[in-house]
Amino acid sequence: MVLQCLRQTMSRFLVLIVCLGYKTVRETLSTIEWGYIWVLTFFYLAAALLDQMALLFNKDVNLDAHVSIGWEIPLLITDCFFLSWLYVSLSHTIEILTVTHQAYKHYLFSTLHTVIVAFSLLFGVLFHACSL
């Protein structure tokens, strides 16, 4: 449970760092950016752990479904922040690569953008289909 939450958090952290162009387009990130990244990462980890604990508690006590949904909202909000930041930073990185004529990196980041959009749409459709 805890390892799964750590794995998901680290995955989001690393993908965000890559999308910001760290060490590919930009040599460093500002202190403020690092601060925002760490705060968002911490909030995601806390929300994921709370959600997992709520799921375990819900199985033991058989609480109403509305109670467990309340614990999923912070996780959803932090996930939306991660995805929004990914899209914005990835678009900015692709724009920089276009201006600097770095064709191969542009191709790689464009492919990453396509994959992230495709999986976001896929999971959004699957989530919507499962909730019907």
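**Exercise 1. Determine how many disulfides the structure holds, and account for the state of Cys19 and Cys80.**

*Solution.* The model is predicted; local features require pLDDT of at least 70 and side-chain atom pairs pLDDT 80 or more, whereas totals for chains, interfaces and linings use all residues. Residues are numbered from 1 along each chain as its sequence is written, and side-chain values use heavy atoms, with hydrogens and water left out.

Step 1. Apply the criterion: a disulfide is a pair of cysteine sulfur atoms within 2.5 Å. The structure holds 0 disulfides.

Step 2. Examine the sulfur distance. For Cys19, which is in no disulfide, the nearest cysteine sulfur is that of Cys80, 16 Å away.

Step 3. Compare accessibility (buried: under 20% relative accessible area; exposed: over 50%; partly exposed: in between; 1.4 Å probe, protein chains only). Cys19 is buried, at 0%, whereas Cys80 is partly exposed, at 43%.

**Exercise 2. Identify the helices and strands, then locate the largest nonpolar core.**

*Solution.* Step 1. Assign elements from DSSP runs (helices: H or I, at least four residues; strands: E, at least two), numbered from the N terminus. The protein has 4 helices and 0 strands.

Step 1. Find the core, a set of buried Ala, Val, Leu, Ile, Met, Phe, Trp, Tyr and Cys residues joined through side-chain atoms within 4.5 Å. The largest one has 20 residues, and Leu16, Ile37 and Leu90 have the most contacts inside it. Two or more residues each come from α1 (2-19), α2 (31-61), α3 (65-99) and α4 (103-131); the largest share, 6 residues, is from α3.

Step 2. List the contacts (heavy atoms within 4.5 Å) of Leu90. Apart from neighbours within four places in sequence, Leu90 touches Cys19, Phe109, Leu112, His113 and Ile116.

**Exercise 3. Characterise the lining of the largest pocket.**

Step 1. Count the lining. It comprises 27 residues, of which Arg12, Tyr44, Asp79, Leu83 and Phe123 lie nearest the centre of the pocket.

Step 2. The largest share, 10 residues, comes from α3.

Key: Contact = heavy atoms within 4.5 Å. 1 Å grid on protein atoms, 1.4 Å probe; cavity = no way out; pocket = protein on both sides within 12 Å on 5 of 7 lines; lining within 4 Å.
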